[in-house]
Amino acid sequence: MTDHGVPGNGSNGFSRRGFLARTGSILGAVALSAQVVPAHAAQASPAAAAIGDGARVPVLVIGTGYGGSVAALRLAQAGVDVHMIEMGMAWDTPGSDGKIFAHTTNPDYRSYWLRTKTKAPLSNFLGFPIDKNVPRYTGILDAEEMGGIIVYQGRGVGGGSLVNGGMAVTPKRQNFGAVLPSVDAAEMYDTYYPRANAGLGVGLIDPAWFDSVDCYQYARVGRKHAQRSGFPFVFVPDVYDWDYMKQEAAGTVPKSAVGGEILYGNNYGKKSLQLTYLAQAKATGRVNISALHQVTSVAPAAGGGYTVAMNQLNTDGSVAAVKSVTADRVFFAAGSVGTSKLLVRLKATGVLPALNDEVGKGWGDNGNVMCGRANHLWDPTGKVQASIPCGGIDNWEAGGAFAEVAPLPTGIETYASFYLSITRNPHRAEFSWNAAAGKVDLNWQTAWKQPSIDMAKSIFDKINKKEGTIYRSDLFGLNKIWGDHLTYHPLGGAVLNKATDNYGRLHGYSGLYVIDGALIPGNTSVNPFVTITALAERNIEKIIATDL
Ligand code: FAE
């Protein structure tokens, strides 16, 4: 072992060769992933539920993530019929292995949105690339390359809730003014955050269980290192069913988090939107969902309302049918990137010319940056790691960073601590229409991550110094410490009270609304989905009361 905790030769019966061999078997499993789509891989939604060409609906919601699900449920409860259009799959039918979702270490056709090779956020291990060929399929995780940044997004009924870690964090009230300056904080903290937390099924890990269970050894190591350097470690709520996880650890139920499932879907335990808001919405009998339908245009209709054009997709991404429907009102809930791309294109191409000049602006990455630290061999992080993070290091006030202590659920001992930091990155990018290429561009630059790296270093340089450890440089390439090429948390592009009024009504068109992460100006100081949900709860209540 080296004094930096980098796995070396010999001591404690541990050898680099053995380590590589064991790692190789994991990565080998990845290599063996299915190269063909099984014939009966039929997670496409039943045709019966799909919207018909020429249909007329009172409300059409584009996207089935957090914002869209809140809108659908509350409108339906108010007696309004809603049709939701989702480009991804329904994710309600098992594949050939009996599971709906593929495992993290064994990605297959289900894992990526229309890619022929995986694009894992951690591209390397011990410097070796781990991405593998997969069949092109309408899979669950989109690694969308937007120039200087890869934006990871969930695709399917439930949006980001299908792929995310479920960390359900309400920002500190003193930071709220910077998140949504035009919104009454008292209303949010008294009414809408509690409503969102209840609707999402948010809960906290049992601290006594945390202290005793093998699968959170990595988080206890993270806590110990944080506290020894004087940083507060805070438990972070999650939408995972913590009682179920206890049973997983006890071996009495099928494993999901404890089995390392994350990123490509959790087969059990995680309360995704399919089990919360969307289940309630469907139970009203007023909400229909068309999966594998991608909205391409929203234009004012001659007789009032809006003509919504869409492509019904096959699972290889080809177009099965082109449809046009009419809706009295349309809610854009396609996520920050999806909503922004649609609005920017529709404005620039003259379909919705009266949208204002704020459309496409104010986009940020929530300051996401990743890194790993190499621990000493006497400080293992555990070979079984629950994939659901449950704690973080809060240095927001002093250093502008909130770092979740994240798992590396490889199934082997890695001696690594891994972190996703959310930082107060000041940069904001803009979407614009590239007429020559016929697509929407985003002008984010990778170099804009430097402030995020500096803020994350305010935590990890100090911890490394105190512990006598170093950064891992093998996770994002060869000799690359920082995961500065990506975000999990796209926010903005149709910012509240700028591109829209203070409740998400788009300027220039009555009956068009934005109700997703596009409303939030680039940063929430913590993981974003509770804020997206709470803001949607606030806005839809107002819209139902005054517009319908
Ligand atoms: P989103 O959930 O992205 O839903 C938009 C939906 O619209 C998607 O289902 C799209 O497929 C669909 N869509 C897009 N374009 C179209 C179109 N043209 N036609 C039809 N459908 C369309 O939007 N956040 C947290 O708070 N805690 C976490 O632990 C966390 N972990 C994450 C981990 C990963 C790997 C990722 C990718 C994200 C994570 N996030 C986390 C972020 C969170 O999932 C994200 O902020 C929300 O899902 C955004 O919610 P929206 O309603 O804005």
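How much space lies in the second largest pocket? About 400 Å³. The model is predicted, so local features need pLDDT of at least 70 and side-chain atom pairs count only at pLDDT 80 or more, while totals for chains, interfaces and linings use all residues. Residues are numbered from 1 along each chain as its sequence is written, and side-chain values use heavy atoms, with hydrogens and water left out.

**The pocket**

Select Ala90, Trp91, Asp92, Gln274 and Lys282, which lie nearest the centre of the second largest pocket among its 26 lining residues. On a 1 Å grid over the protein atoms alone, a pocket is an open set of points where a 1.4 Å probe fits, with protein on both sides within 12 Å along at least five of seven lines; lining residues have an atom within 4 Å of a point. The volume is the space filled by probe spheres set on the points, which are joined across faces, edges and corners. Next, colour helix H8 (277-283) and strand E8 (287-290), the elements that give two or more residues to this lining. E8 gives the most, with 3 residues. Helices (H or I, at least four residues) and strands (E, at least two) are DSSP runs, numbered from the N terminus.

**Aromatic pairs**

Rings of Phe, Tyr and Trp (its six-membered ring) pair if their centres lie within 6.5 Å; planes under 30 degrees apart are stacked, over 60 edge-to-face, and the rest tilted. The count comes to 22 aromatic pairs. Select Tyr109 and Tyr137: they are edge-to-face, 4.9 Å centre to centre, with 90° between the planes. Tyr109 lies in the loop between E2 and E3 and Tyr137 in the loop between E4 and E5, so the pair ties together parts 28 residues apart in sequence. Both Tyr109 and Tyr137 are buried (under 20% relative accessible area, 1.4 Å probe, protein chains only).

Move to Phe176 and Tyr189, also edge-to-face, at 5.5 Å and 90°. Phe176 is in helix H3 and Tyr189 in helix H4, 13 residues apart.

**Arg472**

Finally, select Arg472, in the loop between strands E18 and E19. Arg472 is buried, with a relative accessible area of 5%. Its charged end sits over the ring of Phe125, 5.6 Å from the centre (CZ of Arg or NZ of Lys within 6 Å of the ring centre and within 35 degrees of the ring normal). The Arg472 side chain also reaches the backbone oxygen of Thr414 at 3.0 Å.

How values were computed:
Buried < 20%, exposed > 50% of the residue type's maximum accessible area, 1.4 Å probe, protein only. Polar contact = N/O pair within 3.5 Å; in protein donor to acceptor, adjacent residues only side chain to side chain.
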